[in-house]
Structures are given as C-alpha cells and as structure tokens.
Amino acid sequence: MSVALSPDTVLTVIASTALFLVVAFATVALDVPIAVISGLMACAFERNRVCEVLGLFVLLLVGIMLTSKA
C-alpha cells in the first residue's frame, strides 16, 4: 500500500506536538523545497505561455468544483 502525505498533513501532525523546535524545523524543512520548486515552475511557465494558460484553466476548474461542493 502506497501512502503519500502532503506537506499540509505533515505540518498538521507535527504542530499537534508540544515541541516548538520540532515544529519550527519541520516548517522550514517543508517550505524551502516548495519555494524552490514553485520558482522553477514559474520560470518554466514564463517560457511556455501555453502551459501557463493550461495551468490557470485547471485552477479555474478546481475552483468551480470546490465551490459547487460547498
């Protein structure tokens, strides 16, 4: 069985502990790779506008589906 945990889930579990250093380290350790990857994706989207438009369309569809479920 394959289990994939999102960074949000990991931070939620770690934040329930009382150890501040663990929470601070986990937050930094998970946020730095996300910032690096998002910067790389932004550069790739700037070079290829078709992918940027496609990504924005997917975000629009996700937003519509989320608001329709509420």
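## Model and confidence

Residues are numbered from 1 along each chain as its sequence is written. In this predicted model, local features need pLDDT of at least 70 and side-chain atom pairs count only at pLDDT 80 or more, while totals for chains, interfaces and linings use all residues; side-chain values use heavy atoms, without hydrogens and water.

The chain has a mean pLDDT (the predictor's confidence in each residue, from 0 to 100) of 80, and 86% of its residues reach 70 or more. Where pLDDT is low, the predicted coordinates should not be read in detail.

## Helix α3

Helices here are DSSP runs (H or I, at least four residues), numbered from the N terminus. Helix α3 covers residues 49–69 and spans 31 Å from first to last C-alpha, close to the expected 30 Å (1.5 Å times one less than its number of residues).

## The salt bridge

Which residue pairs with Arg49 in a salt bridge? Glu52 does, with the closest N and O atoms 2.5 Å apart (the cut-off is a side-chain nitrogen of Lys or Arg within 4 Å of a carboxyl oxygen of Asp or Glu). The structure holds one such bridge. The two residues are three apart in helix α3, so about one helical turn separates Arg49 and Glu52. Arg49 is exposed at 53% relative accessibility, whereas Glu52 is partly exposed at 25%.

How values were computed: Buried means under 20% relative accessible area, exposed over 50%, partly exposed in between (1.4 Å probe, protein chains only).
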